[in-house]
Amino acid sequence: MKTAHVAIWAVLMVAAGPALSAPLDQKSKAPDWSHATQAEKDAWTAAYKFKTADIKLAEVVACLDSYSDKPVFADNALTGLMEMCESIAALPH
């Protein structure tokens, strides 16, 4: 019975992990993007100071979704990944 309680507790902790993550801020790393709620992502993109006035926000968000979990960006600041994605979105198609 004790094993069952431990197993249930472990499942609940893993499931609650994303909900317990810290909100996105200037100290956030790229992988934090994929663990954030949609509300946190929306708040981050709304507060971010883009250098390009008419940036295609949907393309920036799609880029963040694509690259935030890549191992090569694991130690990068979210702001750096955001800048990269802004540059990619600003490229002519």
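**Figure 1. Where helices α4 and α5 meet.** Glu59, Val60, Cys63, Leu64 and Tyr67 of α4 touch Leu78, Leu81, Met82, Met84, Cys85, Glu86, Ile88 and Ala89 of α5, with contact meaning heavy atoms within 4.5 Å. This is a predicted model, in which local features need pLDDT of at least 70 and side-chain atom pairs count only at pLDDT 80 or more, while totals for chains, interfaces and linings use all residues. Residues are numbered from 1 along each chain as its sequence is written, and side-chain values use heavy atoms, with hydrogens and water left out. The axes of α4 and α5 come within 9 Å and cross at roughly 125°. Here axes are lines fitted to C-alpha atoms, for helices over the stretch in contact, and angles run from 0 to 180 degrees between N-to-C directions. The two helices, α4 and α5, are therefore oblique to each other; angles under 35 degrees count as roughly parallel, over 145 as roughly antiparallel, 65 to 115 as roughly perpendicular and the rest as oblique. The crossing of α4 past α5 is right-handed, a term for a near helix turned clockwise from the far one by less than a right angle, with anticlockwise giving left-handed.

**Figure 2. The disulfide between Cys63 and Cys85.** The structure has one disulfide, and it links Cys63 to Cys85 with an S to S distance of 2.2 Å; the cut-off for a disulfide is a pair of cysteine sulfur atoms within 2.5 Å. Cys63 belongs to helix α4 and Cys85 to helix α5 (residues 78-90), so the pair ties together parts that are 22 residues apart in sequence. The torsion about the S-S bond of Cys63 and Cys85 is about -70°, so this disulfide is left-handed. Cys63 is buried at 6% relative accessible area, and Cys85 is buried at 0%. Buried means under 20% relative accessible area, exposed over 50%, and partly exposed in between (1.4 Å probe, protein chains only).

Figure 3. Searching the whole structure turns up one salt bridge, defined as a side-chain nitrogen of Lys or Arg within 4 Å of a carboxyl oxygen of Asp or Glu. Its partners are Lys41 and Asp65, whose closest N and O atoms are 3.7 Å apart. Lys41 sits in helix α3 (residues 38-47) and Asp65 in helix α4 (residues 57-67), so the pair ties together parts that are 24 residues apart in sequence. Lys41 counts as buried at 13% relative accessibility, whereas Asp65 is partly exposed at 42%.

**Figure 4. The surroundings of Thr45.** Thr45 is also worth a look: this residue lies in helix α3 and is buried, with 9% relative accessibility. Leaving aside neighbours within four places in sequence, Thr45 contacts Trp33, Phe50, Leu57, Val61 and Met82.

**Figure 5. Ala74 in the loop between α4 and α5.** Ala74 is found in this loop and is partly exposed, at 32% relative accessible area. The C-alpha atoms of Ala74 and Ala30 are 6.0 Å apart, although 44 residues separate the two along the chain. Beyond neighbours within four places in sequence, Ala74 is in contact with Lys29 and Pro31.

**Figure 6. The chain behind the close-ups.** The chain has five helices and zero strands, where helices (H or I, at least four residues) and strands (E, at least two) are DSSP runs numbered from the N terminus. Buried residues make up 25% of the 93 residues. Of the contacts in the chain with a separation of 6 or more, 61% come from residues 24 or more positions apart.
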